Amino acid sequence: ISIENAYNDLLSNLYNNYAYLLMKEQKLDSVDVVLKKALTLIKNHGNTDLEASIFDTYSDYYAILGDSTMSYKSYKKSIQLRKQYQEKQRIEQSMFLTTVFETEKKEKEIARQESKLYQINTILFAVLTLFSAAVAILIYFRQKSATRKTQITSMAQEAKLEVANALIE
């Protein structure tokens, strides 16, 4: 399944585990072949943690063979790769936290701007409401004044009519 779907990390890990199984069964002639397959697959994908595990397996393999020099070199390479992996993880975590911090900062700025916009809208609404009320009151008093003028004019004409009727009588 791993080969068909090109899951090289998984396949490399399976080869690494298979190498341990071969060492446990004392089939040491196949271990090197399996580990080389695992290394070939993983080097193309840059998974330093898994590569470190493979070199750790190599270290155990060479220790079983009695080659302490190669065992030490493999162990040293494993440690070096783990340090690289940890540094990479630290950098990625730092970048993630920086991104989170920047996002949070932007969200706070957006919230602050939305709050200002809400305040401006509230003030604008209040001013428009007061302006509308003032216009309504002005229209009311003008209408009332016009109605009074009409009444006064009407009363004056009625008075003239009464005078004219009185003169006619």
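The legends below describe close-up views of a predicted model.

**View 1. The largest nonpolar core of the predicted model.** This core contains 21 residues. Tyr15, Val31, Leu35, Leu39, Ile54, Tyr58 and Tyr61 have the most contacts inside the core. Two or more core residues are given by each of helix H1 (8–24), helix H2 (28–43) and helix H3 (48–65). H2 supplies the largest share, with 8 residues.

**View 2. The packing of helix H1 against helix H2.** The two helices pack at an angle of about 165°, and their axes are 8 Å apart. H1 is therefore roughly antiparallel to H2, since angles over 145 degrees are counted in that class. The crossing of H1 and H2 is left-handed. On the H1 side, the contact is formed by Asn8, Asp9, Leu11, Ser12, Tyr15, Asn16, Tyr18, Ala19, Leu22 and Met23. Their partners in H2 are Leu28, Ser30, Val31, Val34, Leu35, Lys37, Ala38, Leu41 and Ile42. By class, the residues of the contact of H1 with H2 are 13 nonpolar, 4 polar and 2 charged.

**View 3. Glutamine 26 in the loop between H1 and H2.** The phi angle of glutamine 26 is near 65°, a positive value in a residue that is not glycine. Glutamine 26 counts as exposed because its relative accessibility is 55%, and the cut-off for that class is over 50%.

**View 4. The packing of helix H2 against helix H3.** The axes of H2 and H3 come within 10 Å and cross at roughly 165°. H2 and H3 are therefore roughly antiparallel to each other. Their crossing is left-handed. H2 contributes Leu28, Val31, Asp32, Leu35, Lys36, Ala38, Leu39, Ile42 and Lys43 to the contact. From H3 come Leu50, Glu51, Ile54, Phe55, Thr57, Tyr58, Tyr61, Ile64 and Leu65. The contact of H2 with H3 comprises 13 nonpolar, 1 polar and 4 charged residues.

**View 5. The surroundings of tyrosine 61.** Tyrosine 61 is among the residues with the most contacts inside the largest nonpolar core. Apart from its neighbours within four places in sequence, tyrosine 61 is in contact with Met23, Leu28, Val31 and Asp32.

**View 6. Serine 71 in helix H4.** Serine 71 lies in helix H4, which covers residues 68–168. Serine 71 is buried because its relative accessible area is 12%, and the cut-off for buried residues is under 20%. When residues up to four places away in sequence are not counted, serine 71 touches Ser59, Tyr62 and Ala63.

How values were computed: Residues numbered from 1 in each chain as written. Predicted model: local features only at pLDDT ≥ 70, side-chain atom pairs only at ≥ 80, totals over all residues. Heavy atoms only, no water. Helix = DSSP H or I, 4+ residues; strand = E, 2+ residues; numbered from the N terminus. Buried < 20%, exposed > 50% of the residue type's maximum accessible area, 1.4 Å probe, protein only. Contact = heavy atoms within 4.5 Å. Core = buried A, V, L, I, M, F, W, Y, C linked by side-chain atoms within 4.5 Å. Axes fitted to C-alpha atoms, helices over the stretch in contact; angles between N-to-C directions. Parallel < 35°, antiparallel > 145°, perpendicular 65-115°, else oblique. Left-handed = near helix turned anticlockwise from the far one by under 90°. Nonpolar A, V, L, I, M, F, W, Y, C, P; charged D, E, K, R; others polar.
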